[in-house]
Structure formats: structure tokens, C-alpha cells
Amino acid sequence: MDEIATVFLKNYQVWHHRRLLLTYIYSKDPGTKSPDLLLKELKFIEKVFEEDSKNYHTWSYRQWILSNFNRNSLWVVEIPFIEKMIGQDVRNNSAWHHRFFVVFDSGVRQGDEDREDVLRREISYTKGKISLAPNNLSPWNYLRGILDRTKTPYESVEEFVVPYTKSEESTDSVVDLDNPPPSKGAQLPAVPAVEFLADIRGSQGRIPEATELFRLLGDNLDTIRKRYWDFRIKETQGLSRKS
Amino acid sequence: MASTLLVDRHVSYIQSLGDNKDDLAYHMTAHLRLNAVYWGLTALCVMNRKDALDREEMIDFVMSCWDEGAGAFGSHPDHDAHLHSTLSAIQILIIHDALDRLDVPRVVDFILSLHQPSGVFAGDRFGETDTRFLYCGVAALSLLGHLDKLDVEQTVSYIRKCKNFDGGYGNCIGAESHAAQVFVCVGALAILDRLEEADHQTLGWWLAERQLANGGLNGRPEKKEDVCYSFWVLSALSILNKLNWINSEKLSEFILSAQDPDSGGISDRPNNMVDVFHTLFGVAGLSLIGYPGLDDIDPVYCMPKSVIEKMGLKKGWVALERRKAL
């Protein structure tokens, strides 16, 4: 089965078959079966990712193993595993999504009870990854996701975002560990950063600045989505008329 | 590189699909044969060439896929019944005005038997669940006029749980947002008249972000463009009434560049092998953005708009106005 699954990893039924097999094995001996087989399965999944690190079914299957069996011995390997995957490819959207699933969408892990601490950790991790590849959408979406979920205002990361909206790298020699700057050679300004800052300005009621940033996107930096940015300008100005 | 839609070439390509029965590839695709017939027929309808394939032959083939034991359709004669092939069969028979050939009560029973307590559908008796099958179940019941037999709250509650932090939907609860899964969830919500469940603004933005600089659309962030997303993304945007958030000129150029000017057909991206799946979704995408000379397609059901309107099933989606000329 392992060989078939690796060769035909884009086939849906291969993964469903493995679910059926695991369910059967564990239904026979739910209490006594050691988690070794499940850990082996997670290792197998890791091997499959060497062939195709973004395979949709494989990530979905990994989530199923974690939530269905729900054992701490399985959950504890996840953050290191995700960091390895993101370390290999910071643009792996599946890995970012999986991180959100593990940290925010599947209950609270042992040791993660201090949610303020978890949020700080996640924001710090995400900022570091944005710094490596500022135009990569995934960590920006992740940042929005965690701020939305914890109802933290976007402006709380304003200081971090601003350097990414400039055309040139800062010549500031003072290193701010809390706010890693864009890495050398990054293409600036970064489109997701400009959008993020526009949203911050909008939330602060600084409408002309928000409008200017959306205009920069539509006319200059992200022209393919001009009609969407024009919509954002109208919407932002509509908000200002209301207040 | 072609700058117009090569309709005649694509029609010939679709007509030739059944010809190479000696090809191994033909037999390796038996598991989606009925789906492929629906893709080919719908593509012909969009190009106003429905008669290019023989109606009676097609209906006979559909009926030959009937699985008497299950009371539904498999993808090929002697294949087990599956929800996806059953939907394709229903769609083909409706387009050909031959729904009377169907044992409707048995098919409805089959569909409902696959509805899970969680609200999702399984694809067949082997139990694989996916939001794709949820769409198939909802669309099939709707087309057969038996949507009232469905527990709508149960179904909608599953879709609600699939909504991700980025506004998108995956193939099950917790799964990564993916444009094809977004289509099936938004399409199902549209049929069930529960579109308010979706976060229109965030999802619309996520969908608009699928467009790459070359005009093509991808299925999730940092992945490659693929012509089939021209339908999954566009239909979802059309249902959310935000189709103008996509640059349709550049998308049109991209789809046209993926045509094979020699053999006909459209592929996932330029210079790859064509197939009938990408041919349908390429022309369907072009239709939604108003490409001249094409027939209107209903994005919720991916069937001719005139057929869906006649059945009283048209929902409030909006396509771009059809241009008179290029």
C-alpha cells in the first residue's frame, strides 16, 4: 500500500483506503494499541511530502489522523513538523493552513494554555517568515487569520508592517528584534504589506492615507486587481462619509 | 498562438474522443467516462454545437451505466454506482430532455442514503466524504425536484464548519481552502438559498487573489495557474456577484493561449496535453466573462442557462455581459 500511495498520491481513494484500514485496526483494539502505528503513519506522510509537499489529500489525511485519534503523543510532533516544512519552503500554503489548524482550530494543547503567550509566539514566528519572503501571501493571510481570531486590532503590528511598504530597505543599523525588517534583496514595496497598511489606516479612520495606498496598488503595484482596489477605495470613502 | 476561440477545432476534438478505443488511456479513464461525456456535452452546448454528438447514442450510453443493485449510475457499464456519476447522468439527461428515462424515486433514495449525520455526503457505499459530494447530492436532488427531502439545516451546518480563517472552504472540516472546494460549497449554499452563510467580502478577496500576473488563476496561494480554475473561481465570484474583481481581458488571453490549435481542445496551461475537462472549464470560464458567440452557462449547476431557467432553478448570480465582437 505504501508504494501505491506514494506513486499515486494524487488519487483520492488511496487515502480513503488508508483511513479505512487504520479505523479497522484500531476498532479491534482501541485501548491496547500503542500509538506507534500512528506515529509511523505520520512519518510515512512526511515521506510522501518529499514527493509533493503540497499534496492536498495528504495534508487532509494527516489532519484526520490527528483529530480522529486525538492523542497528545501525536499532537506534540506537529509544531516541529510544520516548522520543518515551512523551513523547507516558506511558500507552502498547506503548511501554513495546517499550523492554523493545529494551534487555533483543534482545541488547546498541553503547555499551550496561556493563549496570550501562544499569540505572541505565533505573531513572532510569522513576522520572521514574512521577513524572509515579504511578497509571499501565506504568512500575511496567516497573520490576518490569527489577529481576526483573537480579535487583536491590525494596528498592533503597524510598526512591523510599515518598513515593508517602503520602496527601499531601511539603512537603520539598529536591529529591532520584535520587528524583523525585510530581508536583503526583497522586492519592495511588498503588495500584501501595502494592503495590510491600507486596512490599518482604514481602521484608524485615516481615510486619505488608506485611499492613497489602495490607489498605489490598483494603479501601480497590483494592476491586475485594479477593479478590486477601486472597490476598496469606494468602500473606504463610503465609510468616511458615514462618520 | 491563437487569439480567438477555435470552436470548430474543439468540436472536432470532442467528437473524436470516443474514437481511440485501442488506446490504453481510453481504458484507464473508464472510472470517469460518464463525467467526461457530461463535460464534452456541456462544452458543446456552450459553443452552440449541441448536435455535434448523437443524442440517442449518448442517452443509451448513460442508461448502460445504470447500476440496478444500487439504483443509480456508475461511471461506466459494470462500474459501481457513485454520486458524482449519478449527477453527471442527471445533467446529461436533462440537457437532452430525457429525464423520463430515469427511475427518479430510486435515484433519490440512493442520494439520500449517502447523506451523513454530520451533514456531508459520502460518494458511494465505501464511505469517502468530501464537500464535492455534498454539492453533487444537493445539485442532484435539486435537478430532480426533490430538494425538499433533504435536511437543509444539517447540510448547511457542515458547510458552516468548513469555513476557514481566510473565508475559503476545503474538502472537509479543517481542510485548506481550495478554489474547487469553494465552488462546491458556494454552489451548494446558492442552491439551498443560504448564501448569507459565506463571508462574501473576505471570500471574494481570496478568490480575486487567485489571479496571477499572466492572467491565469490558481487554486490556492503560491500554486500554479490552471485553466480549470477559470470555472471554479469565476463561478464562485459570479454567484457572489463580484466577477468584475477579476481582470477578464488577461484571463481570456490566458485561456486562449492554452488551446491546441492543431488537435483542438484546451489544456491546463499552454503547451500541455489537452483534455475534455479543461476544454469544458476553459469555454465555460470564457462564457461567464462575456466572450462573444458563446451560449450562457449557469455557474451554479454548470449547465446551459436556458435549461436551468426553464426548470425554474435560476439563482441570483451575475455574469459579464456578452460582447458582440472581440
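Helices, as the word is used here, are DSSP runs of at least four residues, numbered from the N terminus. In this predicted model, one such run is helix H2 of chain A, which spans residues 12–28 and holds A:Tyr24.

A:Tyr24 has a relative accessibility of 52%. Because a residue is called exposed when this value is over 50%, A:Tyr24 counts as exposed.

The description now turns to the meeting of the two chains. On the side of chain A, 30 residues are in contact with chain B, and chain B contributes 38 residues to this contact. Between them the two chains bury about 3000 Å², and carbon and sulfur atoms account for 52% of that area. Of the area that chain B buries against chain A, 26% is supplied by B:Phe165, B:Trp205 and B:Glu222, which is more than any other three residues supply.

Polar and charged groups also join the chains. Between chain B and chain A there are 21 residue pairs in polar contact, and the number of salt bridges between these chains is two. One of the salt bridges links A:Arg227 to B:Glu249, with the closest N and O atoms 3.3 Å apart. On the side of chain B that touches chain A, the elements giving two or more residues are helix H10 (200–208) and helix H12 (248–257) of chain B. H10(B) gives the most to this side, with four residues.

Definitions and conventions. Residues numbered from 1 in each chain as written. Chains lettered and ligands numbered in written order. Predicted model: local features only at pLDDT ≥ 70, side-chain atom pairs only at ≥ 80, totals over all residues. Heavy atoms only, no water. Buried < 20%, exposed > 50% of the residue type's maximum accessible area, 1.4 Å probe, protein only. Contact = heavy atoms within 4.5 Å. Buried area = accessible area lost by both parts, 1.4 Å probe. Salt bridge = Lys/Arg side-chain N within 4 Å of Asp/Glu carboxyl O. Polar contact = N/O pair within 3.5 Å; in protein donor to acceptor, adjacent residues only side chain to side chain.
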